[in-house]
Amino acid sequence: MLRRPQVCVVGVGESALGLVPNSTSISLTVQAASCALADAGFTPRDIDGCLSKPPYQEPTFLFTDQLAATLGLRLQYGHDLHAGGCTPILALAEAARTIEAGLCHTVLIAFGENRLSYNKAPRPTHGKLYW
């Protein structure tokens, strides 16, 4: 018989949406994460686990570590996830598993991307693609 996980989602937040001038993926992720912490009634001291997906527009090595440092988190567990469109579901499952395994107590899951505001991508110079 399968045991039901004893975990729950307690806070949700989002960043500014649409065209957000001078934004970066990390700034939008920090904004959303801060809103989620406030919604849950938590402070950075309450978080000991963090899962995130590095942005496509601004690929960043160890993005979760950078996010944690920016938010002032002291992690027992952190992990960058790369699973395409199923990354959010994978993050929920991994958070539940890490909590149940005793690796951490409270996990922040945060994603951010500045696709509309990102203006550093080179225009294609081949074919007839109009990106």
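Lysine 53 counts as buried at 13% relative accessibility, where buried means under 20% relative accessible area, exposed over 50%, and partly exposed in between (1.4 Å probe, protein chains only). This is a predicted model, in which local features need pLDDT of at least 70 and side-chain atom pairs count only at pLDDT 80 or more, while totals for chains, interfaces and linings use all residues. Residues are numbered from 1 along each chain as its sequence is written, and side-chain values use heavy atoms, with hydrogens and water left out.

Lysine 53 takes part in a salt bridge with glutamate 113, with 3.6 Å between the closest N and O atoms. A salt bridge here is a side-chain nitrogen of Lys or Arg within 4 Å of a carboxyl oxygen of Asp or Glu. The structure holds one such bridge. Because glutamate 113 lies in the segment after β3 (107-110) and lysine 53 in the loop between β1 (49-52) and α2 (63-71), the pair ties together parts that are 60 residues apart in sequence. Helices (H or I, at least four residues) and strands (E, at least two) are DSSP runs, numbered from the N terminus.

Leaving aside neighbours within four places in sequence, serine 25 is in contact with Pro55, Glu58, Phe63, Gly112, Glu113 and Asn114, contact meaning heavy atoms within 4.5 Å. Serine 25 is buried, with a relative accessible area of 0%.

Leucine 116 also lies in the segment after β3. Beyond its neighbours within four places in sequence, leucine 116 is in contact with Gly18 and Leu19.

Relative accessibility for several residues is set out below.

| Residue | Relative accessibility | Class |
|---|---|---|
| Glutamate 113 | 22% | partly exposed |
| Cysteine 35 | 36% | partly exposed |
| Cysteine 86 | 44% | partly exposed |
| Leucine 116 | 61% | exposed |
| Valine 12 | 62% | exposed |

The structure holds zero disulfides, a disulfide being a pair of cysteine sulfur atoms within 2.5 Å.

Valine 12 sits in the segment before α1 (25-40). Together with Val9, Ile89 and Leu92, Val12 forms a nonpolar patch on the surface, with about 420 Å² of accessible area. Patches are made of residues with over 30% relative accessible area and no salt bridge; like charges are joined within 9 Å and nonpolar side chains (Val, Leu, Ile, Met, Phe, Trp, Tyr) within 5 Å. Accessible areas come from the Shrake-Rupley method with a 1.4 Å probe, and for residues only the protein chains shown count as cover.
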